[in-house]
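Hello,

Here is the structure I promised to hand over. Please look it over first; my notes follow below.

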Amino acid sequence: MKRSDKHNRFRECITAFARPKTNRFFLPSVFLFFFNLLAFPAFSAPQDIKNDQNILREEIKALSTAKLRSIEPILEQLEKRGAIYLPLFQALLNGQLYFKKSNQDIVKLGKDQKGKRVEEDLFSNAKRPIESISEYKKIRTNNRLRVKLREIISRLELESQDFETRKSAIFNMIGKFQKEDIDFLQKLKKQEENQSILELIEFAIALNDVKHSPILDTRIEALEQISGNLDPRVKNTLNSILKSDLLLTNPSDSQILRPLVETELGRIAKKERFYSVLEKFSFGLSLGSILLLAALGLAITFGVMGVINMAHGELIMLGAYTSFVVQSLMPQQVGLALIISIPIAFFVAGSFGALIQYFVIRHLRGRPLETLLATFGVSLVLQQLARTIFSPLNRQVLSPDWMTGSLVINPIFSLTYNRLYIFFFALFIFTILQITIKKTSLGLKVRAVSQNREMARALGIQTNRIDALTFALGSGIAGLSGVALSQLVNVGPNLGQAYLVDSFLVVVFGGVGNLIGTLVGSFSLGILNKFLEPELGAVLSKVAILIFLILFIQRRPEGLFPQKARTLS
Amino acid sequence: MSHLRFFLFLLFLASSIASLNLKADTIKVGVLHSLSGTMAISETTLKDTVLMLIDKQNKAGGLLGKKIEAVVVDPASNWPLFAEKARELISKEQVDVIFGCWTSVSRKSVLPVIEELNGLLFYPVQYEGEESSKNVFYTGAAPNQQAIPAVNYLREELGVNRWFLAGTDYVYPRTTNKILEAYLKEIGVDESDIKINYTPFGHNDWQGIVSEIKKFGSMGIKTAVVSTINGDANVPFYKELANQAVSSEDIPVIAFSVGEEELSGIDTAPLVGHLAAWNYFQSIETEKNTEFINAWRDFTRNPEGVTNDPMEATLIGFNMWVKAVQKVGTTDVEKVEEAMLGIAFENLTGGVAIMNKNHHLSKPVFIGEIQDDGQIEVVWETENLVPGDAWSDFLPNSRDLIADWTKPLRCGNYNVVTKQCAGQ
């Protein structure tokens with residue numbers, strides 16, 4: 001999004017100049033002015049260029065009939081005209097370039113504020129609504145063309161007036177500069193006033209010097225300058241230096257340079273190892289937070305109440321479908337829908353939980369096998385219900401903008417936002433739940449009933465009501481985790497099954513009846529999994545963890561944090 | 001709601017089967033696709049496709065003067081259950097032909113039953129090859145009709161020289177990757193430039209693997225991911241790719257099991273430019289295809305319904321069977337099987353598919369790029385039809401094998417060197 005905004009701003013800046021000058025004689029000179037300002041010197045235009053819109057319009061018509069393979073040479077030709085075609089290149093890159101079937105005119109099809117398609121002229125700011133998309137045909141691109149287009153656009157924008165545009169152009173071109181571009185880079189450096197862009201240019205120059213400069217001192221200086229930079233382009237450049245002939249003026253100098261490059265590579269490798277451990281750790285925490293979310297509800301219903309609820313996964317599924325339904329009710333407000341669906345999912349899953357408790361579990365107290373079978377039946381019913389209402393196909397839950405992308409800490413280490421949010425969401429839910437159980441009167445009663453039902457009843461606690469409330473609470477939490485999971489995985493009838501076993505594992509591992517145990521259990525399983533996965537592969541690491549858990553439960557059947565029993569049961 | 005209707009339809013069907021069982025004036029067609037479980041996402045559509053084709057054939061006067069009757073069973077994504085249901089269809093329901101299976105493991109489970117009871121199975125999905133049974137017709141792509149052309153495209157058009165082969169852990173991805181690995185080595189790719197990774201069915205935590213892909217692809221050599229990831233696991237995989245900003249321009253992902261249907265569950269905007277290789281795309285504009293899409297949308301009463309490659313394969317298989325039955329005037333398996341060889345039926349995308357003597361089709365191959373509307377646009381296609389190769393030329397064990405079901409050979413795994421048929 002950001003990228004295209006930038007381009008639009010840049011375009012407006014061009015057209016702002018062009019708009020008042022409807023005068024035919026002035027237009028060419030405006031373009032010429034920009035042309036001189038922006039064009040890449042290596043591609044300076046032929047002298048006979050006529051910046052007449054009509055000629056340009058005719059010129060680009062070639063695109064409408066071109067086959068995919070023949071578009072590339074056309075683009076190379078067009079690039080020589082310079083920045084005047086920037087809007088064209090950008091529209092093509094973004095898949096917005098169409099031609100009219102009637103007269104082969106090339107236009108851009110954008111959208112207005114209301115989301116309606118409008119036709120935009122490539123050379124003026126004129127927009128007009130279109131009647132039907134069927135009058136137009138899209139000019140197709142493929143991967144290779146888009147790479148090419150990005151390069152062309154970056155090259156044309158290297159000297160753009162807009163600071164952000166220029167910055168991203170230079171950043172994209174780093175590593176693509178050739179040996180002979182060094183003079184051009186020096187020129188850019190002289191022109192540049194902005195500090196952060198200056199750094200980028202110096203980085204590009206250093207990267208060029210370290211590979212191509214014939215003088216040892218320049219190379220060493222450049223090496224020092226890029227030292228510590230984790231950009232993969234640095235590593236690749238250094239590696240390619242070692243592989244090739246050094247081409248220094250004084251060949252004996254290469255014996256000095258080689259070890260230096262090797263040391264630097266060693267330093268990079270060391271840092272990479274460090275960050276890869278850090279990355280695995282963060283992945284483990286993220287997986288742990290998902291396990292925690294899935295298991296928290298179960299920690300209440302199974303851990304505290306002792307009910308084996310096989311329909312737990314389906315309660316998670318209900319939460320996920322809730323966020324789908326809320327989102328389809330308000331398709332324009334993706335982020336808001338997600339936030340609203342949190343309480344709704346809690347309510348929906350909670351009420352389903354209450355129903356299950358009232359109609360099934362209540363009647364089977366003290367008969368764990370029957371409870372297991374009955375709730376398994378309920379889970380099948382709920383799955384089929386989802387299949388009947390929503391179809392067996394997965395439903396799409398969109399992620400709001402603030403949950404997509406990642407927080408880049410350095411070129412080799414970044415954290416994705418969705419997992420970051422879910423991590424904090426899990427901790428938040430955990431805290432709320434812990435407070436509810438430990439500090440509120442409801443929590444007190446829940447603990448009392450779970451520890452000694454008869455005594456609690458004798459003290460005037462309505463155990464049936466507390467049972468229903470506890471189960472509803474646990475189910476509601478499952479619904480919340482469903483909302484979070486809808487951001488990561490498929491929303492489909494099978495969503496819950498995948499998490500049922502994991503949830504039980506976490507609760508049993510952590511210690512039944514203990515929320516802290518669930519917390520520690522989920523994070524340690526998550527981290528263990530992520531450290532094993534690269535070594536053993538995803539399949540074997542799961543097996544290894546299961547074996548580990550079996551052995552662990554054999555040794556300590558009560559889990560990590562055994563509950564201090566006050567009952568004799 | 002269409003599923004509620006379907007449910008009622010099933011009930012009706014079950015009751016009508018019970019009442020019609022004695023009358024022999026129908027031709028029975030078995031439909032063996034999972035309607036529940038993890039594969040329901042893909043297979044339910046194929047069940048509906050068969051029903052639609054039967055409906056159309058019946059409206060056109062049926063077959064051999066009789067009505068065709070569908071017998072639908074649900075093997076519930078449970079591989080052993082596929083075998084049981086196949087037995088039930090042939091022995092108890094006495095169907096004349098079965099259309100079914102999606103995953104290779106389900107086909108492998110059905111295979112002994114079909115061969116034992118001499119049934120007839122039409123298998124409509126792209127698969128790993130290394131098989132040719134007298135009783136099975138393979139209307140999906142063999143590796144040389146999908147995987148090999150895809151790799152060639154990446155090499156020649158995008159200059160890819162480093163390969164990450166990611167797959168779900170079962171027979172199709174394992175065999176396909178083995179073939180691809182052998183092929184890549186044969187054309188001179190260094191061993192260190194190939195990496196193979198397997199994940200379980202329904203895998204949903206892709207952070208580690210995507211980060212591995214990123215690292216693997218940052219070595220300065222153009223890298224691509226060849227994905228044989230199947231079913232549900234694709235959605236979180238692509239989401240993670242988008243989140244970790246792996247763009248199709250840096251590291252393109254080409255998938256063999258992702259079609260329009262699977263994409264309908266994802267926001268495809270971040271996936272634009274990733275690739276898929278199939279023998280059919282919904283976006284290919286031909287008269288026949290438009291007609292098929294409209295018929296499908298009418299039948300399912302979903303104006304936005306999507307069509308995909310296995311649906312076309314089902315259509316071709318069904319119509320070829322109808323043609324063969326009409327040709328010999330009976331549904332007898334032996335006769336139909338012989339008549340099938342050489343039968344031609346028009347592809348929806350132009351050209352004519354032909355049933356070869358190894359029970360595989362000749363088909364065109366398309367490479368497409370995913371668009372932001374969930375459709376896949378063709379960026380490359382073969383000039384001619386590619387005949388399906390049952391036994392890969394790139395594996396040492398199958399290099400010398402051929403399948404030929406014409407007389408006098410009649411063998412699914414004939415060794416051209418030792419001149420022997422290993423039999424079934």
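**The hairpin in chain A**

A:Ser406 has A:Thr416 of β7(A) as its bridge partner. The two strands involved are β6 (residues 406-410) and β7 (residues 413-416) of chain A, which pair in the antiparallel sense over four bridges. Pairing here requires at least two bridges found by DSSP between two strands. β6(A) and β7(A) form a hairpin, with two residues between them.

**Before you read on**

This is a predicted model: local features need pLDDT of at least 70, side-chain atom pairs count only at pLDDT 80 or more, and totals for chains, interfaces and linings use all residues. Residues are numbered from 1 along each chain as its sequence is written, while chains are lettered from A and ligands numbered from 1 in the order in which they are written.

**Chain A overall**

Chain A has 22 helices and seven strands. These are DSSP runs, numbered from the N terminus: helices are H or I, at least four residues, and strands are E, at least two. Of its 569 residues, 40% count as buried (20 or more other C-beta atoms within 10 Å of the residue's own, with C-beta atoms placed from the backbone).

Now contacts: two residues are in contact if their C-beta atoms, placed from the backbone, lie within 7 Å. In chain A, take the contacts with a separation of 6 or more: residues 24 or more positions apart account for 69% of them.

How confident is the predictor? pLDDT is its confidence in each residue, from 0 to 100. Chain A averages 83, and 89% of the residues score at least 70. Take care with residues 1-50 of chain A: pLDDT stays under 50 there, and the model has 54 contacts beyond four places in sequence for them.

**Where A meets B**

42 residues of chain A are in contact with 45 residues of chain B. On the chain A side, α7 (143-157), α12 (232-243), α13 (254-304), α16 (368-390) and α22 (515-555) each supply at least two residues. The largest share, seven residues, comes from α22(A). The residues of this side divide into 14 nonpolar, 18 polar and 10 charged. Nonpolar means Ala, Val, Leu, Ile, Met, Phe, Trp, Tyr, Cys and Pro; charged means Asp, Glu, Lys and Arg; the others, Gly among them, are polar.

**A sheet in chain B**

Four strands of chain B form an open, antiparallel sheet in the order β11-β12-β13-β16. β11 (344-346) and β16 (386-387) are the edge strands, each pairing on one side only. β11(B) pairs with β12 (residues 352-355) of chain B over three bridges. There, B:Ala344 has B:Ile354 as its bridge partner.

Best wishes

Note on methods
Buried ≥ 20, exposed ≤ 12 C-beta atoms within 10 Å, placed from the backbone. pLDDT = per-residue confidence, 0-100.
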